[in-house]
Amino acid sequence: MSSLTVEPQPNQSTTPGSRPGSSSSNNNNKNPIVIGLYGIPGSGKSFLLARLREQEHEKEHFKFYEGSKMIANLVPGGLDAFQKLEGQEKVHWRQLAIDTIKKECVDSGRVAVVAGHFMFWPEEEETGQPQAEKTQLRHLCRHHGILFSLISPQPAPLGKISTLLRDFQYHTEEYNLSRAESKMDEVVGQGQRETVLVMDADRTLAAEDTGELFWKRALRFRRPGDEGDPLKTLFSGPLGYSYTAFRQATLLYEEAADDQEFDALCQDVASEVTMHSEFVSLLHRVADQAHVGAVVITCGLRRVWEKVLERERLSETVKVIGGGRISDGFIITAAVKAALVARLQAHQTYVWAFGDSPLDLEMLSKADQAVVVVGEEHTRSRAMDGALMNAIRKGGLRARQTVLPSNASLRLDTTELPLIQLTDYGFIDSLICNRSRYTSIQVLHAADNNVAKLLMTPMRDAKVAGPALREAHRRVGWYLATEFLPGLVGTEEYLISHVQGHNTSGYRLFHEQQTLIVALMRGGEPMALGVNEAFPLATFLHAHCPNDIMPHHLQGQHTIVLVDSVVNSGRTVVQFLQHIRNLHASVRVVVVAGVVQTNAISGSNFTTQVSTYPTEFSLVALRLSENKFSGRGTTDTGNRLFNTTLLP
């Protein structure tokens, strides 16, 4: 059995550290790719090298070397003389051979393929040599960021080796991302969907880890000395979850099975996977929406998840972007997931992301909406809590969590990570709503009708302040609430006792008990009290800043009414709307204000930010003002309301 190692170019590996075979004495900054072909004497290295040399299409891109012949050509007296040298002298000539190969490849622009020996054993100790060589070479490569692959001599592996050589030649992180982005464009299209759901697969769509299941099946016939779970060993080692590690994972899958065996193993694994019913239902709902798409982006096995989705009759509408084989052309890392979300957003697509592990955090942070899928404690990532807390508190991640199954324990708490149900109607509506419906802001105002003229007079009168002004604001709040909100939100009928002793129909605001009135402090309180007087069953909340609105305040609410005395730039409204939107994706929001400056609602920044939220948003005002003046001191509305005009 032979093995291949590839010393990558600097941009091919994210793993730092020195690499065996690189020259410290050569000042040339160019680093060619060097592929080593190793094996014990008689394993067929030289034969394979000779056959590769005969391939005309390989000569243009590769330069082939016998390591021993290179040393023989450099050392006076040849290989016999080299064998008689002391240890340090041998190191010198080996390094010179390496430098010579490197220079020739830099000058020619070709990739070096070098056949050589990793270990020399006395004949009486040859038992166990192949396994020892594989184990030590694999270990050394991982500690130096070098890819490693085993090649079986039977059947003749020439075609497979040629495929590997070409992959080693071209595959850089930049090339990898380019191929993944092209796949995303092919699967989803460029700007053809308003909204796209991007989902991790293992431990997200289902409780199972398909990589773990694959290796349990593949290793049933393992040989003595083989690793227990190659993926766990790989990712817990020095490569971590780097680009190089995922490239090495692909090579492990190539070692484990040929294409036919691999597909059969994937079929067996898929048969053991049960998708969460909540995701199955959600994805079937999405399939009926022409403006919404869904794609699975997995660091794991693409073929397994294609088979799982096919079984659930979702394969036509939900595509999988992932790897597992050299022929896939790319691998998926945490950075690639995030980049693919950015790719969608560059085409003005609104992205919902679903994931469960630290590998998904970059993707979740990049997405417009993020949902952390929380499984049972014995299966979920133990590192996720700390990484998630750091992403929320230091990285600015705004996410929610869904617990599958529903009796599993939460991650963190619902203040930092609000809880949602994938089956909740409001959540589904916010996810599949047609976003183009909300490209304009609904603004209602009393204009110059006689009622508005009467109500606005004391508000503008400089002599009116304190309790009298607060009462004027309260009356405006009641008027705006009764005049406009029933038309926006609707009314509902309920039974009341008639004065004549029988029951009759009464009317109140639609879902009045599921309405939250938020007074933006301090200027919004008097007007908010008037709104509350009109809708006495509604909940009332004081808010000095957006974070004063907590997840439990919004739980079960149908409408949020934000009340302020004046809307100047609209910045405060946008901040509150963003916060509410992150906590509750679909709740209706109505802003009630006495005065709204027209430059606020006509400004492109305000309009753009508000219209990006797929939720019903309306603004109600007593009057619109062309006056761009913002009050200060004695003219500030808050100071006038509470007689604090003289305070510094």
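Predicted model: local features only at pLDDT ≥ 70, side-chain atom pairs only at ≥ 80, totals over all residues.
- The strands of an open sheet of six follow the order β12-β19-β18-β17-β15-β16, and their pairing is parallel.
- At the edges of this sheet are β12 (442-445) and β16 (539-543), each of which pairs on one side only, while neighbouring strands are turned by 20° against each other on average, direction ignored.
- Four bridges join β12 to strand β19 (residues 617-625) in the parallel sense, and H445 stands opposite A621 in β19.
- Helix α23 (residues 571-583) lies across β15 (515-520), β16, β17, β18 and β19, and its direction is at about 165° to β17.

**Strand β3 and its partner**

- Strand β3 (residues 62-66) is largely enclosed by the rest of the structure, because four of its five residues are buried.
- Five bridges connect β3 with strand β4 (residues 111-116), the two running parallel, and the bridge partner of F62 in β4 is V111.

**The packing of α12 and α14**

- The axes of helix α12 (residues 259-271) and helix α14 (residues 302-311) come within 8 Å and cross at roughly 50°, which means that α12 is oblique to α14.
- The crossing of these two helices, α12 and α14, is right-handed.
- Residues of α12 including F262, D263 and C266 meet residues of α14, among them R303, V304 and K307, and by class this contact has six nonpolar, two polar and four charged residues.

Notes. Residues numbered from 1 in each chain as written. Heavy atoms only, no water. Axes fitted to C-alpha atoms, helices over the stretch in contact; angles between N-to-C directions. Parallel < 35°, antiparallel > 145°, perpendicular 65-115°, else oblique. Left-handed = near helix turned anticlockwise from the far one by under 90°. Contact = heavy atoms within 4.5 Å. Nonpolar A, V, L, I, M, F, W, Y, C, P; charged D, E, K, R; others polar. Buried < 20%, exposed > 50% of the residue type's maximum accessible area, 1.4 Å probe, protein only. Pairing = 2+ DSSP bridges.
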